[in-house]
Every structure is written in C-alpha cells, then in structure tokens.
Amino acid sequence: MADVRSLPVPDGLAGERVDAGLSRLLGVSRTRAAEIAEAGGVQLDGRAVGKSDRLTAGAWLEVEIPSAAPAAPEVVPEPVPGMAIVHDDDDVVVVDKPVGVAAHPSPGWTGPTVVGALAAAGYRISTSGAAERQGVVHRLDVGTSGLMVVAKSEHAYTALKRAFKERTVEKVYHALVQGHPEPTTGTIDAPIGRHPSQDWKFAVVAGGKPSVTHYELLEAFPAASLVEVHLETGRTHQIRVHFSALRHPCVGDLTYGADPALARRVSLERQWLHAVRLGFEHPGTGQWLEVESRYPDDLQHALDVISDGYR
C-alpha cells in the first residue's frame, strides 16, 4: 500500500520547486521526489502538481508515496537451444538469438533469456547496468531473431553504450513486409511513443521520441516485399511500428496489423524480422567488427512460400 503524507507547506519552502521541496521535507532524493510528482502523487490544495511547479506557503500538501517497487527479476541460468555464439573474445560476445528468447529478465517474463543462456554456458559478462541486464547494451524483441552483442568487460560496456547512443553502430535488419512500399528506397522519420489506448504496444504519436528508419527494397513478390532496414535510432518495436504506419506491416505481425490469413498461409507465428548484420568499432582493438546471420528456418520457409507463388 502507498504511504500518504498530508501537511501544510512550511514557510521556508515557499517558492521551491515541488521536487526540491519534497526532497527536503520528506528526506527522499530529488529524483525520487520528481518520480512521485510525475506519477500524479502530489497535490497542492487538492490540485495535482508536477515536479517543476512551485510550492506555496501554507498550502495543503498531500503526497502519495508508492510502496517499494518489487525486487528486480533474477537471472536464471538456462540453456537456450539454437542460440549460437558467432563471436567471442575478452571484451564482447555476439550471439545469434532465436525467436522466443528475451534479452534479459523482466517483470512478467518467465521464458528464456540471452543473459540466462550465457550464464548457463559459463560466460562472465560485465557487471555494469541493472543486476538483471548486466552487460546488455541493446535489445531485440522476444519475437525478433538475430544478432545481439553483450559486453563482457566494464570497458566494453561503457564504450558500446556510448557507441549506441552516438549511433555509430551499424544495425541492419531484413523484413518481409506486406505489399509494396513506395518509394522503394526511403526514410521513415516519425516519432514513436506508447499507443494512446493500448499501452502494451507502440505507435507513431505526436510528442513521441524521434525515430528514424532507412529502408531499401531487396526483392518484390506479388504479396510482399523483402526490404533491408538500417536503424538510425533504436526505439522499442521501431521497425514494426514504422512499417505498420506506412500500411505495410511485417508479415506475421498481428500486433501491428498484419493479415492473419497470410500469416497462416506461410505458417508464420511471429513477425518476419531478422537482425542480419551488426557492425561496430571493437572496444578493445579499435578495429571494425562486423558479423552476419542467416535467416532461421521459419522465416526462410515463409519467404520460400511467398517467392514460390503465393497469389
């Protein structure tokens, strides 16, 4: 249960920002105070206020402090059949992640993870980052297969996090999308945020985070197109959301509007999306490291059905 505090604003806090005043008044960090305010937990004379609003002396302050968050999920060492190691050295390990595997543990996920698979195989990875996702510098969706790098050394973690932030990592995907995008080579520059009515998915929304996707047609078929995608940014579900917004969702991606009849026809139970190439400056040697991955069997089968005459 939440802890509710009710009291008048002391004269000494008049004019203070809400987060700064709460920090002094309640003995919590300013960051924690800001989080409480942003979650709607602070009222001044019955009106909800944000972290940057100002306190008024004598106004009645009500603060709802959420109970402690549940403990972070533990890393459970668990082998993942089909997860291949494509590169391994003292600084990094690059894996080829199968579908159905999460990057790291998270609340509500009970399936296998990349971090758990590496632990089961005896890999020591960087201890930087939150306990359940140590060494993880980027992620792939559970339903997306392909290449993912994990930092083994602390230096590699810092260097790779910076490289992803500065967009110097080459992330290349292949996607089989419904229909035929026009133009055949282009850039999708549209902000992505939480879906306004379904918070378990994402959408192109005003006020979302800047998101840029570059694509190029590789091959066109009667029912779909195989495209190569280069990500400039790395938002959650970015490729899926952007192509859905163009009305060309990834084949099999029922969450984002794909045709279920086509998905059944090609025996696909997830989005046709694969991280085929990953390139970055090696944090230890400074040399460019690039790795590639073949399509997994389910995606190759779907592509074969599409190319062999689905009409």
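Visitor: Which residues lie nearest the centre of the largest pocket, and how many residues line it?
Guide: Nearest the centre are Arg139, Asp141, Gly234, Arg235 and Thr236, and the lining counts 50 residues. Please keep in mind that this is a predicted model. The volume of this largest pocket is about 1,700 Å³.

Visitor: What makes helix H4 stand out in that lining?
Guide: With four residues, H4 gives the most to the lining of the largest pocket. Helix H4 (154–165), strand S8 (170–178), strand S10 (192–194) and helix H5 (238–245) each supply at least two lining residues.

Visitor: How many cavities of 30 Å³ or more does the structure hold?
Guide: There is one, and the largest cavity has a volume of about 40 Å³. What sets a cavity apart from a pocket is that a 1.4 Å probe fits inside but cannot get out. Its lining consists of His138, Leu147, Lys171, Val172, Tyr173, Ala275, Arg277 and Leu278. S8 and S14 each contribute at least two of the lining residues.

Visitor: Why is the contact between Arg24 and Glu16 called a salt bridge?
Guide: The label requires a side-chain nitrogen of Lys or Arg within 4 Å of a carboxyl oxygen of Asp or Glu. Between Arg24 and Glu16 the N to O distance is 2.5 Å, so the pair qualifies. A search of the whole structure finds 11 salt bridges.

Visitor: What makes Asp19 and Arg30 a salt bridge, and which parts does the pair tie together?
Guide: Their side chains meet at 3.4 Å, N to O, and the limit is 4 Å, so the name applies. Asp19 lies in helix H1 (residues 18–26) and Arg30 in helix H2 (residues 30–38), so the pair ties together parts that are 11 residues apart in sequence. Asp19, at 4% relative accessibility, counts as buried, while Arg30, at 42%, is partly exposed.

Visitor: Which parts does the salt bridge between Arg270 and Asp298 tie together?
Guide: These two side chains meet at 2.9 Å, N to O. Arg270 lies in the loop between helix H6 (260–265) and strand S14 (273–281), and Asp298 in helix H7 (residues 297–307), so the pair ties together parts that are 28 residues apart in sequence. Arg270 is buried at 7% relative accessibility, and Asp298 is partly exposed at 24%. Elsewhere, salt bridges that share partners join Arg17, Asp19 and Arg30 into one network.

Visitor: Why is H1 called largely enclosed?
Guide: Seven of its nine residues are buried, so H1 is largely enclosed by the rest of the structure. The buried ones are Val18, Asp19, Ala20, Gly21, Leu22, Ser23 and Leu26. S1, H2, S2 and S4 are among what covers them. After H1 comes Gly27, with a positive phi near 75 degrees.

Visitor: What is the order of the strands in the open sheet, and which are the edge strands?
Guide: Four strands form the sheet in the order S1-S4-S2-S3, with antiparallel pairing. Strand S1 (3–8) and strand S3 (47–48) are called edge strands because each pairs on one side only.

Visitor: How do you know that S2 and S3 pair?
Guide: Pairing calls for at least two bridges between the strands. Strand S2 (residues 42–44) and S3 share two bridges in the antiparallel sense, so they meet that requirement. Leu44 stands opposite Arg47 in S3.

Visitor: Which strands do H1 and H2 lie against?
Guide: H1 packs on the sheet, touching S1, S2 and strand S4 (60–65), and its direction makes about 80 degrees with that of S4. H2 lies across S2 and S4, running at about 100 degrees to S4.

Visitor: How many helices and strands are there in the protein?
Guide: The protein has seven helices and 15 strands. Of its 311 residues, 47% are buried.

Key:
Residues numbered from 1 in each chain as written. Predicted model: local features only at pLDDT ≥ 70, side-chain atom pairs only at ≥ 80, totals over all residues. Heavy atoms only, no water. Buried < 20%, exposed > 50% of the residue type's maximum accessible area, 1.4 Å probe, protein only. Contact = heavy atoms within 4.5 Å. Axes fitted to C-alpha atoms, helices over the stretch in contact; angles between N-to-C directions. 1 Å grid on protein atoms, 1.4 Å probe; cavity = no way out; pocket = protein on both sides within 12 Å on 5 of 7 lines; lining within 4 Å. Points joined across faces, edges and corners; volume = space filled by probe spheres on them.
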